[in-house]
Amino acid sequence: AKLAGRGGLQFFHQRLHDELVYQLDLMERLEKALDRDELSLWYQPQVSAVSGRIENVEALLRWLPAEGAAVSPAEFIPLAEQSGLIHRLGDWVVEEACRQQAAWRAAGCLVSRIDINVSGSQLTRPDILERFEACLQAHGLAPGDIGIELTENVLIDADHQILEGLRRLYHRGVRIAIDDFGTGYSSLSYLKHFPLTALKIDRTFVHDAPKQPEDRAIMEAAVFIGHRLGLEVVAEGVETAEQLTLIREMHCDLVQGYYFYRPMPAPDIERLLLGRVTA
Ligand code: C2E
Ligand code: CA
Ligand code: CA
Ligand code: CA
């Protein structure tokens, strides 16, 4: 039987066309959003697995259009990578995270580090790491004040210049985490060559660990290899007490997830940290 009759094929073309129009429109709106102050960074605490104390925060991009509903970064980041808009977006994130960290320092709100996400296509622009350093300096920050998170694929594709740039940041004291660990299409050999300080176990493993022995085994292996390489190990996407118990048994260092805190706007972080009674 003909699976796609004439009508079926036309329908398919129409859907494809609509999808492309939607994506183009979204990118046009995103470009305007940059100028219109519709973007913000929200922050999700990472806590010590042992004490539950807040150690760092991860900065996550939020787009709340003046009209219409919020758009998820899971939707607009991949499109921004394709359209090239990611460079302006990435610059904005670096600048905003530095500005916020400097403001927090001035207010006595001690967030030891803000980690930002850097996508692979951002690293195709050779001066990105220099610009990052310049931004730290311009805001009077130390290299340890802002960290970066990269995914495995970014490292696999990294050319010589990027690698040198990452090494320089690493030796200056910038923390570099490998994000979504275990989900890339890669062998582990890249771990030998890259300057890294932390490993974030992907939340899909964390999610399934209580029910699936395979996920537990992979997590245990990740913690083991991370610690043997001298890396800090972070479990992300922790939502339940059951998951937390497992993660503690595995001796993960840091935990991030809805069980403790959801991503929140900067003022909520301030309330959390400044409102806390210190001994
Ligand atoms: P990611 O870097 O893996 O960030 C973690 C995602 O998991 C965030 O989604 C966070 O809100 C969510 N999350 C945190 N805790 C939990 C939990 O307990 N359960 C569940 N189900 N989810 C949890 P979000 O904010 O929607 O971001 C999605 C992705 O978009 C990020 O994944 C990252 O890849 C990308 N992204 C976000 N902000 C930026 C940015 O500034 N630059 C770049 N290049 N990418 C970004
Ligand atoms: Ca991340
Ligand atoms: Ca992640
Ligand atoms: Ca992810």
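The structure is a predicted model. Two calcium ions, ligand 2 and ligand 3, lie 4.0 Å apart and are bridged by Asp 179. Asp 179 is also among the residues closest to the centre of the largest pocket, which holds about 1,300 Å³ of space.

**The calcium ion (ligand 2)**

- Four residues coordinate the calcium ion (ligand 2) at 2.2 to 2.3 Å, namely Glu 58 through OE, Asn 117 through OD1, Glu 149 through OE and Asp 179 through OD.
- Along the chain, the donors of the calcium ion (ligand 2) follow the spacing E-x58-N-x31-E-x29-D.
- Because Glu 58 lies in strand β2 (residues 54–63) and Asp 179 in strand β5 (residues 176–181), this pair ties together parts that are 121 residues apart in sequence.
- Glu 58 and Asp 179 are both buried.

- Asp 180 in strand β5 and Glu 236 in strand β7 (residues 232–236) link distant parts of the chain, being 56 residues apart.
- Asp 180 has a relative accessibility of 24% and therefore counts as partly exposed, whereas Glu 236, with a relative accessible area of 10%, is buried.

**The largest pocket**

- The largest pocket is lined by 46 residues, and those closest to its centre are Glu 58, Leu 60, Asn 117, Asp 179 and Asp 180.
- At least two lining residues come from each of β2, α2 (73–83), α3 (86–106), β4 (146–151), α5 (152–157), β5 and α8 (203–208).

**Cavities**

- A search of the whole structure finds two cavities of 30 Å³ or more, and the largest cavity has a volume of about 40 Å³.
- The lining of the largest cavity is made up of Val 94, Val 118, Ile 128, Leu 129, Phe 132 and Ile 148.
- Helix α4 (residues 128–138) gives the largest share of that lining, with three residues.

- Leu 9, Phe 12, Leu 16 and Leu 20 make a nonpolar surface patch of about 400 Å².
- Leu 9, one of the patch residues, is found in helix α1 and counts as partly exposed because its relative accessibility is 42%.

**Positive phi angles in loops**

- Most residues other than glycine have a negative phi.
- Asp 37 has a positive phi, near 70°, and is found in the loop between α1 (6–35) and β1 (39–48).
- His 251 likewise has a positive phi, near 65°, and is found in the loop between α10 (241–249) and β8 (254–256).
- Since a relative accessible area over 50% means exposed, Asp 37 at 70% relative accessibility counts as exposed, and His 251 at 57% relative accessibility counts as exposed too.

How values were computed:
Residues are numbered from 1 along each chain as its sequence is written. Chains are lettered from A and ligands numbered from 1 in the order in which they are written. This is a predicted model: local features need pLDDT of at least 70, side-chain atom pairs count only at pLDDT 80 or more; totals for chains, interfaces and linings use all residues. Side-chain values use heavy atoms; hydrogens and water are left out. Donors are N, O and S atoms within 2.8 Å of the metal (3.2 Å for Na, K and Ca); water is not among the atoms, so sites may look incomplete. Helices (H or I, at least four residues) and strands (E, at least two) are DSSP runs, numbered from the N terminus. Buried means under 20% relative accessible area, exposed over 50%, partly exposed in between (1.4 Å probe, protein chains only). Patches are made of residues with over 30% relative accessible area and no salt bridge: like charges are joined within 9 Å, nonpolar side chains (Val, Leu, Ile, Met, Phe, Trp, Tyr) within 5 Å. Accessible areas come from the Shrake-Rupley method with a 1.4 Å probe; for residues, only the protein chains shown count as cover. A salt bridge is a side-chain nitrogen of Lys or Arg within 4 Å of a carboxyl oxygen of Asp or Glu. On a 1 Å grid over the protein atoms alone, a cavity is a set of points where a 1.4 Å probe fits but cannot get out, and a pocket is an open set with protein on both sides within 12 Å along at least five of seven lines; lining residues have an atom within 4 Å of a point. Grid points are joined across faces, edges and corners, and a volume is the space filled by probe spheres set on the points.
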